[in-house]
Amino acid sequence: VAGDNPFNSTTAEIYVIRPDGTGLTRLTFNNEEERAPSWSPDGTRIVFMCRRGKPTFEICVMNADGTGQEVQLTDNALHDATPTFSPDGQKIVFHRTLGAGQGTELFLMNTDGTGQTRLTDTVGLNLFANWGELRVKIPNPNH
């Protein structure tokens, strides 16, 4: 957004662009901050951090074309951030800041926001939740 600080934006928006650098398309249009978008495995949805009239981030989801942005999956006074879909597209993992002295923990929820479950309970910061992918290379015995 014009006039916003590019190094500490409070009105950051979400865009998509083709891998070749063409087709820059803005998906969000508001004066609130959206960050950390992540695609669903089937490419139909984007989960992201959103501010909705309060100072903390929540988790929101929209369709890949930018429609349906009003879907907010979390709603609390805590900071929910860095969401990503599970490889099967059925769950979302994210981190939540629990408050002073309580740390930051990883949480799991269904893609409709239900079933929020705490995954970690450790001292310190559990940040930037993400689903991993195991890649195994098996040598071909014929080569």
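**Side-chain contacts in the predicted model**

In this predicted model, R118 and E105 form a salt bridge in which the closest N and O atoms are 3.5 Å apart. Because R118 belongs to strand β10 (residues 117-118) and E105 to strand β9, the contact ties together parts that are 13 residues apart in sequence. R118 is partly exposed, with a relative accessible area of 38%, whereas E105 is buried, at 0%. Salt bridges that share partners also join E32, E34 and R52 into one network.

The structure holds 10 salt bridges. Among them is the contact between the side chains of E32 and R52, with an N to O distance of 3.9 Å. This pair links distant parts of the chain, E32 being in the loop between β2 and β3 (34-39) and R52 in the loop between β4 and β5, 20 residues apart. Relative accessibility is 25% for E32, which is partly exposed, and 24% for R52, which is also classed as partly exposed. A salt bridge also forms between E33 and R51, whose closest N and O atoms are 2.7 Å apart. E33 has a relative accessibility of 5% and counts as buried. R51 additionally lies over the face of F57, at 4.0 Å from the ring centre.

One disulfide is found in a search of the whole structure. It is formed by C50 and C60, with the sulfur atoms 2.0 Å apart. The bond links strand β4 (residues 45-50), which contains C50, to strand β5 (residues 58-63), which contains C60, the two cysteines being 10 residues apart. The torsion about the S-S bond is about 60 degrees, and the disulfide is therefore right-handed. C50 is buried, at 0% relative accessibility, and C60 is buried at 0%.

The structure holds 1 aromatic pair. The ring centres of F94 and F107 are 5.8 Å apart and the planes meet at 25 degrees, so the pair is stacked. Since F94 lies in strand β8 (residues 91-99) and F107 in strand β9 (residues 103-110), the pair ties together parts that are 13 residues apart in sequence. Both F94 and F107 are buried. The charged end of R96 sits over the ring of F107, 4.5 Å from its centre.

On the surface, Y15, I17 and L24 form a nonpolar patch with about 320 Å² of accessible area together.

Note on methods: Residues are numbered from 1 along each chain as its sequence is written. This is a predicted model: local features need pLDDT of at least 70, side-chain atom pairs count only at pLDDT 80 or more; totals for chains, interfaces and linings use all residues. Side-chain values use heavy atoms; hydrogens and water are left out. Patches are made of residues with over 30% relative accessible area and no salt bridge: like charges are joined within 9 Å, nonpolar side chains (Val, Leu, Ile, Met, Phe, Trp, Tyr) within 5 Å. Accessible areas come from the Shrake-Rupley method with a 1.4 Å probe; for residues, only the protein chains shown count as cover. A salt bridge is a side-chain nitrogen of Lys or Arg within 4 Å of a carboxyl oxygen of Asp or Glu. Rings of Phe, Tyr and Trp (its six-membered ring) pair if their centres lie within 6.5 Å; planes under 30 degrees apart count as stacked, over 60 as edge-to-face and the rest as tilted. Helices (H or I, at least four residues) and strands (E, at least two) are DSSP runs, numbered from the N terminus. Buried means under 20% relative accessible area, exposed over 50%, partly exposed in between (1.4 Å probe, protein chains only). A charge sits over a ring if NZ of Lys or CZ of Arg is within 6 Å of the ring centre and within 35 degrees of the ring normal. A disulfide is a pair of cysteine sulfur atoms within 2.5 Å.
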